[in-house]
Amino acid sequence: MNAVFRILRYLKSAPGKGLMFSKHGHLNIDGYSDADWAGNVTDRKSTSGYFTFVGGNLVTWRSKKQNVVALSSAEAEFRGMTKGICELLWLRKLLTELGYKPTSTMNLFCDNKAAIAIAQNPVQHDRIKHVEVDRHFIKQKLEAKVFQFPFVKSEDQLADMLTKAISSKAFHNSLDQLGIGDIYAPM
């Protein structure tokens with residue numbers, strides 16, 4: 001209940017906050033994916049989350065507890081990456097159906113080098129047999145150059161706020177990057 005009151009106090013203090021959409025001259029599809037490893041102290045399941053952007057504007061986001069217990073932080077991140085990829089592919093299909101076929105490779109920014117290595121290296125199969133289906137799905141899309149996984153430093157990872165507690169300063173810095181503005185704030 002304390003969390004609910006905290007959220008309500010925040011909303012009451014920010015009546016003009018909302019998503020601001022800007023024209024950036026492109027329709028690139030990008031995402032940020034993150035996961036905490038064993039973050040739930042009750043069942044040790046991880047939480048994964050992602051933000052997706054079209055044309056530099058935030059369009060979707062999600063935070064959800066994973067269905068299974070991850071055996072490593074790389075596995076938790078990898079499972080989160082899979083969910084982010086599915087969302088990016090859905091957005092690309094939606095834009096194509098609307099007549100705006102994206103031409104650039106999609107980026108899914110991830111802050112876990114081990115998870116990126118698992119996605120890009122099909123030889124590491126002994127360490128990840130339990131995520132084999134996800135790995136084949138990702139490998140197929142990587143080979144088709146549908147997307148890539150640029151590494152992003154943890155302090156620049158926007159999706160952190162969806163999976164773990166962050167400082168107030170980091171939270172407010174992220175709001176600008178997410179395109180969240182206040183219509184009542186002076187320009």
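A residue is called buried when its relative accessible area is under 20%, exposed when it is over 50%, and partly exposed in between (1.4 Å probe, protein chains only). By this rule Phe 5, at 43% relative accessibility, counts as partly exposed. The structure is a predicted model, in which local features need pLDDT of at least 70, side-chain atom pairs count only at pLDDT 80 or more, and totals for chains, interfaces and linings use all residues. Residues are numbered from 1 along each chain as its sequence is written, and side-chain values use heavy atoms, with hydrogens and water left out.

Helices (H or I, at least four residues) and strands (E, at least two) are DSSP runs, numbered from the N terminus, and two strands are paired if DSSP finds at least two bridges between them. Five strands form an open sheet in the order 4-3-2-5-6, with mixed pairing. Its edges are strand 4 (57–65) and strand 6 (147–148), each of which pairs on one side only. Strand 3 and strand 4 run antiparallel and are joined by eight bridges; Gly 49 stands opposite Ser 63 in strand 4. The hairpin of these two strands has two residues between them, and there Gly 55 takes a positive phi near 65 degrees. Strand 2 (residues 29–36), by contrast, pairs with strand 5 (residues 106–109) in the parallel sense, over three bridges.

Aromatic side chains come next. Rings of Phe, Tyr and Trp (its six-membered ring) pair if their centres lie within 6.5 Å, and planes under 30 degrees apart count as stacked, over 60 as edge-to-face and the rest as tilted. A search of the whole structure finds four such pairs. One of them joins Tyr 10 and Phe 171 edge-to-face, at 5.8 Å centre to centre and with 80 degrees between the planes. This pair links distant parts of the chain, since Tyr 10 is in helix 1 and Phe 171 in helix 6 (residues 168–177), 161 residues apart. Tyr 32 lies in strand 2 and Phe 53 in strand 3 (residues 47–54), so the pair ties together parts 21 residues apart in sequence. Tyr 32 is buried at 16% relative accessibility, and Phe 53 is buried at 6%. Tyr 32 also stands opposite Phe 109 in strand 5, and Tyr 32, Phe 53 and Phe 109 form one aromatic cluster.

Together with Met 1, Val 4, Ile 7, Leu 8 and Leu 11, Phe 5 makes a nonpolar surface patch of about 620 Å². Nonpolar side chains (Val, Leu, Ile, Met, Phe, Trp, Tyr) are joined within 5 Å, and like charges within 9 Å. Accessible areas come from the Shrake-Rupley method with a 1.4 Å probe; for residues, only the protein chains shown count as cover.

Most residues other than glycine have a negative phi. Arg 44, in the loop between strand 2 and strand 3, has a positive phi of about 60 degrees although it is not a glycine. Lys 145, in the loop between helix 4 (132–143) and strand 6, has a positive phi near 60 degrees. Arg 44 is partly exposed at 41% relative accessible area, whereas Lys 145 is exposed at 64%.

Key: Patch = residues over 30% accessible without salt bridge, like charges linked within 9 Å, V, L, I, M, F, W, Y side chains within 5 Å. Salt bridge = Lys/Arg side-chain N within 4 Å of Asp/Glu carboxyl O.
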